[in-house]
Structure formats: C-alpha cells, structure tokens
Amino acid sequence: MTEPLNNDPLRQIVREVREQEPAELDWDRLERRLMSRVDAEEGGARKRRWPLFAGLAAAAAIALGVGLSGMGSLEQLDSVATTPPNVGPRIHTGALLNGADVAVGDEVRALEQPSTVQHPGHASWTLHSGRAIVAESGSVITVRLVSGSIEAQVVPTSRPESFAVEIEGTRVAVHGTSFRVERLPEGVRVQVREGVVGVGPVAERGRPAWMLAPGDSGKFALDGRKGEVVRASQLPAGATAVPHKPSQRLPAEPSAAEQSKLLDQLSAAARGCFESNTSAEKQVRVQAETTLSATIAPDGSLRSIAFDPPLSPAVTGCTAGAVKALKATPTERGATISRSLLLGS
Amino acid sequence: MQPDESAELVARCQSGDRSAFQELFRKHRADVARLVQRMMGPGADLEDVVQEVFFQVHRSIKDFRSQSRFSTWLYRVTVNVVLMQRRAAKSRPVLVGLPEGISPPDRGPMPDEDAARRARIAAFARILDKLSEKKRTVFVLHELEGMAATEISEVVGAPVLTVRTRLFYARKELTELLREEPTLAALADSAEGDEGRAEPSTPISPEEAP
C-alpha cells in the first residue's frame with residue numbers, strides 16, 4: 001500500500017511542489033512578536049507567584065483609583081504595577097506611537113493628551129483620556145479598552161475582524177471601517193462613521209450579535225449580551241445619532257420569500273461565472289458541487305459570499321462582482337443564507 | 001528534519017531558559033514554515049500560524065518527554081495548530097470584491113514555463129484541499145515532507161496501518177482529481193499516452209482563460 005508513486009502525473013506535480021521555493025517571511029518581526037507573547041504570558045504567571053508584592057501593589061492601586069472615574073479593574077492595574085522593570089509589559093505614552101513598538105501585553109496611556117497608535121497598512125487608533133492594553137497583534141489587532149474612548153480607522157481587508165476593541169465582556173470588531181468606541185460607567189457606546197462594525201460577547205468572537213452600519217450607534221452592556229441600536233435610517237434628516245430607544249422596530253431578518261429571491265439571484269450569478277471562467281478540453285465536462293453562503297448586513301447590503309468547498313479565485317471574484325449591488329430590505333440583524341449548488345450541469 | 005540534536009536546547013527550555021527557546025525557534029522555524037505552507041496552501045497567513053505553533057510549543061514544552069524525537073513532537077504540534085486554523089477559517093465568510101492578486105483574464109501570449117509551473121502548483125493546492133483532513137495530512141507528511149509511515153503514525157496519533165490506508169486512498173483520489181482540474185489534466189492525459197492527441201499544449205488555468 002505504500003509503494004512509491006508510480007503514477008507519473010502525480011509524481012511530477014509532487015516533485016514540482018517539493019522543489020518550490022519556500023515563502024519569504026520576516027523572521028525578525030515574527031520572533032519579536034512571538035517573544036512578546038511569551039513574555040506577556042510569563043509576566044502573568046510571575047504575578048501569581050508574588051502574592052505579597054501583589055498585595056502591596058493593590059493597596060497602592062486602590063489609593064490611585066479614588067476620585068478617577070471610569071478606571072479599569074484593579075486586576076489590570078495590578079498586572080502593570082507588579083511587573084518588574086525590563087521584563088514583561090511596558091507602558092507607552094506620547095502623541096504618536098508606532099504599532100510595531102507596542103507589543104502584546106503593553107499598555108497605552110492617554111491621560112493628558114490623546115495617543116495615536118499607527119499600524120501602517122492595517123489600522124490607526126487614537127486613545128482619548130484613558131488606558132488601553134494591546135491583547136493581540138499581527139494580522140489581527142485586538143485592544144482592550146480599560147478606560148476612556150478609542151477612535152479607529154481600519155484599512156479594508158479580506159480578513160474579517162482584523163481590528164477589534166474589547167471592553168470587559170463586549171467585543172467590537174471591525175470589518176474595514178471608521179468608528180468610535182467609548183467606555184461608560186455602566187456600558188459601552190459605539191458610533192460608526194464608515195463601513196460595518198460587529199458587536200457581541202467576547203466569548204463569541206466571530207459571531208457578533210449586532211451589526212452596525214454607517215451612521216448607526218448603539219449602547220451595550222459590559223457583558224456584550226444586551227444592547228440598543230439606533231439606525232441611521234431611523235433618524236429624522238439632520239439629526240445626530242444618540243443612543244436611545246429606537247422609535248421604529250425593523251424585522252429581525254429578511255423574510256423567507258426575500259431570502260429565496262436573493263439566493264436565486266446569487267445562484268444565477270455563480271452559474272454564469274462558473275461557465276465563463278472554467279475552461280475544459282473538448283469531450284470533458286467540468287462540474288462543481290458546492291454550498292454558496294451569503295451574509296446580508298442589517299442595512300440590506302451584501303456583506304460577504306463564500307463557497308464551501310472553495311471555487312477558483314476567478315469564479316469567486318466574478319460572482320462577488322456580479323452580486324455586490326444586490327440589496328435587501330433593512331432589518332435588525334441581517335442574515336446568513338445558503339444554498340447547495342451543482343455548477344456546470 | 002535533522003536527527004534529534006535539540007535535546008540539550010529542549011532541556012534548557014524546560015527549565016525556563018528564554019534564550020534556549022529563541023535558539024530552538026531559529027533552528028526549527030524554516031521547517032515549521034515549510035510544513036505549514038504545504039498543509040495550508042497559498043493565501044494562508046503563514047506568519048500568524050508559525051507564530052502560533054511556536055507559542056504552543058512554549059506553552060507545552062514542559063510536557064514533552066524524550067520517548068520520541070523533538071522534531072516528531074514539533075510536527076505534531078504544527079499539524080494540530082494547522083488543523084485548528086483550517087477549522088476556524090472555514091467558519092469565516094469570504095468578503096465581496098475581487099480577492100487580492102486576481103487580475104483580469106490575460107488575452108496576451110501563452111504563459112512561460114515558470115508561470116505554468118506556478119499555475120500547476122496552485123491547481124494542485126486546490127485539489128489537495130479537496131481531500132479530507134486526515135488523508136491530506138498523511139499525504140503532505142509522506143509525499144512532500146518525506147516522513148516514514150511509522151513517524152507519521154506518532155504525529156497523527158493513528159496506527160501505522162491506518163496511515164498507510166489513508167495514504168493509499170489519498171493517492172487514488174488525487175489521481176482522479178488531477179483529471180478534473182483543467183490545469184493538471186494535461187499531465188494525466190500525457191501519462192496515459194492518449195493516441196491521436198497532438199502535442200499537449202501548455203496548460204491554461206481557469207484564471208488565464210480568455
């Protein structure tokens with residue numbers, strides 16, 4: 001059963017794959033980020049081994065916290081206070097910071113002036129009147145907002161949730177946009193200027209409970225499980241979106257009939273793109289069985305499509321281009337719809 | 001991978017030596033990156049996955065016992081991280097808009113040999129992706145990484161006979177899938193010595209179809 005490959009075509013392609021040049025990686029950057037994560041984890045472990053020192057630091061932190069509103073939890077103050085110098089997380093202040101210098105576990109403070117952290121080609125975020133800790137870095141950036149507010153501009157990317165802000169149990173994740181997140185004494189306020197923002201519990205990362213479109217704003221509990229959203233479409237012309245009870249309730253998601261109609265349109269586009277982007281020799285018929293999924297945003301626009309198993313980039317790109325103008329009725333939550341397809345038949 | 005010369009480094013890592021862990025990373029990073037690239041295919045975020053592999057190595061190196069070679073254990077961690085990443089990626093939708101790197105159909109001259117080889121490798125990655133996780137893993141480890149079935153059985157945690165069976169069916173399935181992939185079908189046809197067929201033309205991938 002383990003005879004060497006005798007099938008010439010398979011052997012030939014395997015040989016080509018084995019001879020392929022490996023991808024070039026920035027090893028220095030990779031090592032820096034890895035060691036930052038390692039140090040951050042070891043810093044946390046060290047904290048647990050120094051109970052007496054932690055107790056003294058906590059007492060100092062309590063004294064510091066009196067009279068300041070919206071401060072973060074004592075545990076987070078503790079994690080900074082007990083870290084010995086030159087080991088583990090650092091504190092960054094200053095008007096303009098390079099994202100590459102702010103490692104996982106580091107804290108950014110903007111107590112007297114705003115502090116902007118730039119990740120070229122990815123995102124830029126500005127912290128106002130508070131503290132934030134970088135929880136994740138690299139192709140996904142996650143910032144834990146301890147106090148104050150963050151404004152962010154994020155470069156659109158094919159990776160969903162490339163930038164996120166977490167406030168205790170609430171996660172505000174970005175899909176290429178401009179938005180503001182503010183920590184309130186009893187919750188979180190989110191305002192979206194451009195693009196789409198997902199909000200939900202931290203524990204349910206990747207599955208936000210609310211999607212906010214441009215002009216929308218919302219107020220959410222710290223556990224990410226309760227919230228109220230004001231849609232831009234619900235406001236009178238000229239009004240500023242503020243978080244209060246919405247005056248009109250939208251349907252939760254598109255109706256079954258509308259979903260079916262959308263799927264018909266998506267399927268037709270996929271079929272056309274498959275036919276026109278799949279070439280074959282004569283007397284050869286190419287077919288593909290796949291499941292098409294599409295996510296509809298609350299404002300009715302088509303947010304994403306996916307094929308499982310994936311189709312070629314040309315077919316996927318062609319389909320995406322053909323359907324991007326599709327629009328459904330605005331709803332409270334939007335929806336994800338899917339249909340199995342046999343293409344090429 | 002090299003014969004196990006990492007024993008001393010591993011022992012120092014297990015005692016908390018940070019510089020030993022960095023040395024271990026530098027020694028094995030290329031091998032890990034190559035395996036990740038072969039298992040995940042093009043378009044994968046290699047840097048993130050490689051970082052995650054070594055982070056998990058750091059977390060669990062105290063559990064490594066010297067009954068097996070360190071490289072085998074490292075491969076096991078790598079395979080597990082890749083499988084987790086692939087499962088997580090499947091639950092994320094693809095955004096609308098042309099994916100990066102897609103260009104309009106080329107109506108110009110036929111691609112040169114380098115471009116043709118890249119197209120074949122990309123096409124092979126697509127059909128490899130169609131195998132089940134278990135078959136794809138053993139195929140990559142055996143055919144692309146050159147690991148013996150006995151070592152693969154330690155990596156994937158399955159009996160040697162199971163590994164051999166999966167390998168057999170992986171080859172069989174890939175041979176059939178080769179014929180259905182336009183860019184690779186010419187390889188299959190030329191191997192069969194199809195009489196009456198003219199000299200096979202340079203394969204054209206769907207992306208390059210006019």
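1. The model is a predicted one, in which local features need pLDDT of at least 70, side-chain atom pairs count only at pLDDT 80 or more, and totals for chains, interfaces and linings use all residues. Residues are numbered from 1 along each chain as its sequence is written, chains are lettered from A and ligands numbered from 1 in the order in which they are written, and side-chain values use heavy atoms, with hydrogens and water left out.

2. The bond joins A:Cys273 to A:Cys318, with an S to S distance of 2.1 Å. The torsion about the S-S bond of A:Cys273 and A:Cys318 is about -70°, so this disulfide is left-handed. It links distant parts of the chain, 45 residues apart: A:Cys273 sits in helix α5 of chain A and A:Cys318 in helix α6 (residues 313–323) of chain A. Helices (H or I, at least four residues) and strands (E, at least two) are DSSP runs, numbered from the N terminus.

3. Next, a sheet in chain A. Three strands form an open antiparallel sheet in the order β16-β15-β17, where two strands pair if DSSP finds at least two bridges between them. Its edge strands, each pairing on one side only, are β16 (302–308) and β17 (335–343) of chain A. Ignoring direction, neighbouring strands of this sheet are turned by 20° against each other on average.

4. Strand β15 (residues 288–296) of chain A pairs with β17(A) over nine bridges, in the antiparallel sense. To find your way along β17(A), look for A:Arg339, the bridge partner of A:Leu292.

5. Helix α5 (residues 256–277) of chain A lies across β15, β16 and β17 of chain A, and runs at about 40° to β17(A). Angles run from 0 to 180 degrees between N-to-C directions, and axes are lines fitted to C-alpha atoms, for helices over the stretch in contact; contact means heavy atoms within 4.5 Å.

6. Between the chains, helix α1 (residues 8–19) of chain A packs with helix α5 (residues 113–128) of chain B at about 105°, their axes 10 Å apart. That makes α1(A) roughly perpendicular to α5(B), the label for angles of 65 to 115 degrees. Chain A contributes A:Leu10, A:Ile13, A:Val14, A:Glu16 and A:Val17, while chain B brings B:Arg117, B:Arg120, B:Ile121 and B:Phe124.

7. Finally, helix α2 (residues 18–40) of chain B bends by about 50° at B:His28, the bend being the angle between axes fitted to the seven residues ending there and the seven starting there. After α2(B) comes B:Gly41, with a positive phi near 80°.

Conventions. Parallel < 35°, antiparallel > 145°, perpendicular 65-115°, else oblique. Disulfide = S-S within 2.5 Å.
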